[in-house]
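User: I have a model open here and would like to go through a few of its features. Could we begin with the pockets?

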Amino acid sequence: MSECSDARAAHAADSLAQKVMALPEIYQPIFAHPEFSSQALRSCEDRLESIMQIYEPLQAKLGRPLRVLDLGCAQGYFSLSLAQKGAKVVGVDFLDANIVLCKALAAEHPVCEVIFETGMAEEKIVQMAAGYFDLVLGFSLFHHMVYHRGIDAVQKVLALLAVKTTAAVFEMALASEPLYWAAAQPQNPRQLLSGYAFVHEFARHKSHLSDTGRPLYVASNHYWFLNGQAEAFHAWKIGSYEFTEGTNNGTRRYFFGQGHIVKLFTLDDADHHEANLREHINESSFLSAPPAGFETPPLFLYGRHQREAWLARAFIEGDLLFDKIRQKQNYNAGTIISDVLSQLTVLESAALFHDDLRPWNILVEPDGRAVVIDYGAISRAKKDGGWPYDLFLSFLIFMHNVLHGEITLSNPVRAEAFNPDNFPAPYNNVLWKFLEHGPEQWSFALLREALSQPDETVIPETTRQSFAALLRAADNAGKIHLVTAVHWRKQAEETGKKT
């Protein structure tokens, strides 16, 4: 190396050192300069590794290097690291001293496609064109915006970002941190990301300010990211069917892609923690090792941590029986009952039971065959999840729904349908014979056998009439209860509107 080259290198080193010294703080390691990085307040290698868990699968899906926006880029460590891996990066920071240093570092690595700009993150979001950036980074930034502008304002800015970009990774500070801005933060950082359909906490890292681990969220309105994989989704909802939307307080989300469905449960809501955890454990366990003879869709992946649980499985084509009944579509009631009973018998032989056998948990495939779904409702507990709590009495209500083309919603009980005389032949006589057995003898296998070979034996008229009278009274009581419950609910809703 010539003396001139040595002199230029020494000058450049002195110039870079001056730029580092001009910083109010060395927050990040200085890219490719370990002589300065030892002074960094916070390591970035762990978070870069987490970022790559999102970057790499998204890059694989798009088939090209990603276009990345690094909001609050600080000293540019993440921007330059991703640019070195082939990304096209724009880094933005409000502090001019940071950008001066970032530009000097970028000049040292001319093969990296990276641009640094001085500016405010919210202004960049408002001004930028939609559809350009594939991935946005927002690390240790938005809690300051919340402190100065409030939760609602930040929600709106991030909702706009969600519309304009493909995916984002956010590090969110917590209200539990012992800092001056903590009291202004939402108790759950997810509240700030309400504009995103898919929000998943996939890592936690401690900061230099406290031992509290800050969550890293990946958020998108286009892709889900789980277990190092990414797939596009074309639709999503917060309930498994229409009338469940809102019942879980937004703690369950369902995402539909090409040939698959993803379920994402949050576990940090005290009112829904137990039910969500039980649902996830039941479904992932059942699909991982279904009993012989029970066909299930392949389980692609699953996992959980303290605050979330998730799984992805193959999607089954078909229509919910619930929808076919409501829309008065044709279906073969006998086939539905026979198919469902066959599947319940297989479960029963493995000491497994479905505690929510309702029309919305039966899928009718294009060929008319019926499939029992909601695998999270399958466990070894031999009881129904709602009134009348008995599996077999509940199945009678289900049969009545199927045969009469009706939906019975719990409110809080379903209208009784236990009287066999209310069923068409041959079900009426079969059910009378079934009920002749003591409850301790009831089984789906027994009922299936009875339905496969209907017994024409006539039930003694006195026995039938006596029990029919009791069952009619129970049916009427249930109907009165439901009418009364609907009346009071409507009256409460009207009173609420007036106040």
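User: Which helix gives the largest share of the lining of the second largest pocket?
Analyst: Helix H7 does, with five residues. Helices (H or I, at least four residues) and strands (E, at least two) are DSSP runs, numbered from the N terminus. This is a predicted model, in which local features need pLDDT of at least 70 and side-chain atom pairs count only at pLDDT 80 or more, while totals for chains, interfaces and linings use all residues. Residues are numbered from 1 along each chain as its sequence is written, and side-chain values use heavy atoms, with hydrogens and water left out.

User: Where does Lys263 sit, and is it buried or exposed?
Analyst: Lys263 lies in strand S12 (residues 260-266). Its relative accessible area is 7%, so Lys263 is buried; buried means under 20% relative accessible area, exposed over 50%, and partly exposed in between (1.4 Å probe, protein chains only).

User: Where does H3 bend?
Analyst: At Met52, by about 25°, the bend being the angle between axes fitted to the seven residues ending there and the seven starting there. Met52 is among the buried residues of H3, which also include Leu48, Ile51 and Tyr55.
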